[in-house]
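Colleague: I have the model open and would like to go through it with you. Can we start with charge pairs and then move to packing?

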Amino acid sequence: MTATMDEHQEGSTRRNFLYIGTGAFASVGMAAVIWPFVDQMNPDASQKALASIEVDISPVAVGQAITVLWRGKPVFIRHRGASEIEEAGKVDVASLRDPQKDSERTKKPEWLVMVGICTHLGCVPNGQKTGDVKGDYNGWFCPCHGSHYDTSGRIRKGPAPRNLDVPDYSFVSDTKIKIG
Amino acid sequence: MGHHESNYEPKWGIAKWFDERLPVARMVSDQFIVFPTPRNLNYWWTMGMVLFFFLIIQLITGIILAMHYIPHADMAFNSVEHIMRDVNWGWLLRNMHSNGASFFFIAVYIHILRGIYYGSYKAPREILWLVGVVIYIMMMAAAFMGYVLPWGQMSFWGATVITNLFSAIPLVGDSITQFLWGAYAVSQPTLNRFYSLHYLVPMLLVAFVFIHVWALHVVGSNNPEGLSVKSSDDTLPFHPYFTMKDMYMSVVFLTIYAFFVFYMSNYMGHPDNFIRANPVVTPAHIVPEWYFLPFYAVLRAIPDKLGGVIAMFGAIMVVAVLPWLDRNPIRSLRYRPKARFFFWLFVIVAMLLGFLGAKPAEGWYVTASRILTAYWFIYFLVIVPLLSKMETTNRRMPGSITDAVLGHHGKISEGAQTASSGH
Amino acid sequence: MSVKNTLASFAVALTVFGGIGMAGAAEKAGEHHDKSHVERQNWSFSGLLGSYDKAQLKRGFAVYNEVCSACHGMNLLSWRNLMEEGGPEFTKDELKALIAEKEVPAEPNEEGLTHSDEDGSRLMRAALFTDRMLSPYANKKAAMAANAGALPPDLSVIAKARGIPHVADNSEPSAWYAAPFVGLMEYGSWIVSVAKDVTTQYQEGGADYIYALLTSYAEEAPAGVDVGDRSFNYVFPGNAISMAAPLGTLETGAEADKEANKELHAKSRDVAAYLMWASEPHLNARKSLGLKVLIYLIILSGLMYAVKRTIWAGVKH
């Protein structure tokens, strides 16, 4: 063969560059292709569009609560009485597992709006109806694993790590709220 | 699988430990890396890998579509549109699946015609050929049932016409169609079971693809010369030579496929399938998907219900028995000019039949379909067997694949050149 | 015969057929200058770089909203679609104003009722963005009763559900011995038309048809043609169409009506474009991503070919 050692090496370097370059280019494409196959499982456009609902709260009397469905999840809307508000305000925030003042959790003290899903493993706590077991703190009680929530929906006892979530909501008027 | 000796040697301790218990790496190495493959394979031999790619694409996109599709007569159409409109990337995934079916068939038709041209069905590859025909029939079943799922007018009436083929069977025909429908017409139970079967058939197909590859690796690939492998000079390791050649062609195929997915996504379909299924109105022209058109033309060429159905299934079955119709020892049509002429005539006839399948069944269209259908059967049942006896020698045939590659033709003496020697 | 030879002979065959077809097509074009012929239009959304013209979609929606929606629903679309990317892209406030007057059947109220106690009428509520663009009729029967037995189809996918035929059928040649030639010519012109469709990425048959349909109403059926209480339309199959001219009829000759004619064509074009968008709402995304994917795959093909060549270099095969 007439090729010198140098020419050989140069040739093989060029080859390696071509192989690695092609491999890298193909890998980038493969990686990009994966995304649509994954993203298709995320909430679709029709689900995202259901993001907000308006609720008429005028029929809810003091001491009553209603449950509405928002994004497929129950939302508790409770018309609290003076004693409940007082009870919720008295608590020493520093002693709580998830420290939060009652005023941080409400827009108007008499209306408590929260996602009715226990932050432990996703059950719906009892306490919406008058006859329900409301737990040791007179709020909500999750029957699945025994989490107790107070009148502000804060976790007081049991395995749940956080207070019941407060969704984004606003008062459209005195009798109407918009969730989401 | 293949008969060649394994030269796989695990390099690390863990690989050795694994190899003694489950020799997957050895299998991959033996069958897909060092596997001896005829060095003279041309690009027509790349369709196997292309088909494998499309099988994967269809399986993945199909599993995803099943997450969003609803097999209910009232909701199927809307759920498909929901996929096209609302699901993230749904339009892409659905276009990939529907056009993927077409490209699957394009590749399989090239694959089959290559097999006929180069005599890949001949001994010792008869089982390989038969398994291939089974895969092809399964593909047709899966594609047909898949086309029913969007529940548009063509879905519904296509399903009605095809299932009614079985009513041609004497005595039990009507019972069979009702059994297929689960009702007295194509309706909800039919849609629901077609959905289930559309998912099942591809799973079976995967199993048959495995058997197909197994059968291929027992006897090894045929090649454009139609000569059997005689020495290791005749072959190259599968990797990197054929992996790269196949992958290159797969990317070329994917490019054409992408063109259709993104720019002509509805071109292979029919506008009528965007009209909801309506059991009381039949579309003016019922046209199956393009890949069924030649057989549809054969069906309509025969003016008798049972006769048409027999002719249609017969047109597929004559392909299956090809290894026994053509017993000529020369495999490749490269060395059989007469057979080559009739082969290309057959290809043109098949394409013309496809064209006629899309035309209304009236006037000269029917006459032409009859003439071409006659040729289809005459080709397989008369021309092929006759030429099989007549065209048994060729002076120009090289002695081996290596000779052919090096351009040495006509090395062996007349009368001694049997292509099927040495197995 | 090598692969190259077979390919070459195949190409020759295609060219021959194509040539015959071309001649056939040219012949046809000459005779086909009648009003029943659907012409292919230039649309902003055709071709590799096509995308919707937002202003046109807005105008088209206005035509739908003012005219078509009196009888036709678009059940697969929600109002929100009108403000989504790739469509008319109305702003939230514009859309709010657009649907301010729209009502949809209400869900059962506290007493579980869907109809009024007093007069039995359907209880309605204001439409939300997430509500569908419903047909004005309560059901199929009501729609047919209101339209002399004809059912106004839903327009959501109408632009995909219509098209124009590739090659006209010609099943009765003048003489039996002409059949093979007529046949080959038809086959040839079919191949040519497919080639043309592929090179122009033709997917606008539905929009072309709708535009042609809306601009092909005759003031009166030609002499000797009886369409009963239906209207005469040149491009509608069978000519007798149940839908009365929604945007006006084809004006012939009269200079004074030029303005009206222009408006008819403009509105028809806009609403055809709007209906195309309704059928293919992701066309913009599809085409722009498609170009990137194609460029990527072409480069990858080139690279793969180079790799393949390098590996096979020096190996006789």
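**Salt bridges, cores and surface**

Modeller: A salt bridge joins the side chains of B:R334 and B:E225, at 2.7 Å from N to O. The term stands for a side-chain nitrogen of Lys or Arg within 4 Å of a carboxyl oxygen of Asp or Glu. The model is predicted, so local features need pLDDT of at least 70 and side-chain atom pairs count only at pLDDT 80 or more, while totals for chains, interfaces and linings use all residues. Residues are numbered from 1 along each chain as its sequence is written, chains are lettered from A and ligands numbered from 1 in the order in which they are written, and side-chain values use heavy atoms, with hydrogens and water left out.

Colleague: Is B:E225 buried or exposed?

Modeller: B:E225 counts as buried because its relative accessibility is 6%. Buried means under 20% relative accessible area, exposed over 50%, and partly exposed in between, with a 1.4 Å probe and protein chains only.

Colleague: Which salt bridge crosses between chains B and C?

Modeller: B:E81 and C:K160 pair at 3.5 Å, N to O. That pair runs from helix α4 (residues 76–85) of chain B to helix α5 (residues 158–161) of chain C. Both B:E81 and C:K160 are buried. Shared partners join B:E81, B:R85, C:K160, C:E280 and C:R286 into one network of salt bridges.

Colleague: And in chain A, what does A:R162 pair with?

Modeller: A:D165, with the closest N and O atoms 2.7 Å apart. A:R162 is partly exposed, at a relative accessible area of 37%, and A:D165 is also partly exposed, at 35%. Over all chains, the search finds 28 salt bridges.

Colleague: Switching to packing. Which residues have the most contacts inside the largest nonpolar core?

Modeller: B:F54, B:W376, B:Y379 and B:F380, in a core of 139 residues. Helix α10 (residues 238–263) of chain B gives the most to this core, with 16 residues. A nonpolar core is a set of buried Ala, Val, Leu, Ile, Met, Phe, Trp, Tyr and Cys residues joined through side-chain atoms within 4.5 Å.

Colleague: What does B:F54 touch?

Modeller: Not counting residues up to four places away in sequence, B:F54 touches B:G100, B:F103, B:F104, B:F253, B:L254 and B:Y257. Contact means heavy atoms within 4.5 Å. A second, separate core has 37 residues, including C:L77, C:F90, C:Y274 and C:L283.

Colleague: What about B:T190?

Modeller: B:T190 is in helix α9 (residues 188–219) of chain B and counts as buried because its relative accessibility is 1%. Leaving aside neighbours within four places in sequence, B:T190 is in contact with B:L180, B:W181 and B:A185.

Colleague: How does confidence look for chain B?

Modeller: The pLDDT, which is the predictor's confidence in each residue from 0 to 100, averages 93 over chain B, and 96% of the residues score at least 70. Over residues 411–423 of chain B, pLDDT stays under 50.

Colleague: Last one: how many helices and strands are in chain C?

Modeller: Nine helices and six strands. Of the 317 residues in chain C, 41% are buried.

Definitions and conventions
Helices (H or I, at least four residues) and strands (E, at least two) are DSSP runs, numbered from the N terminus.
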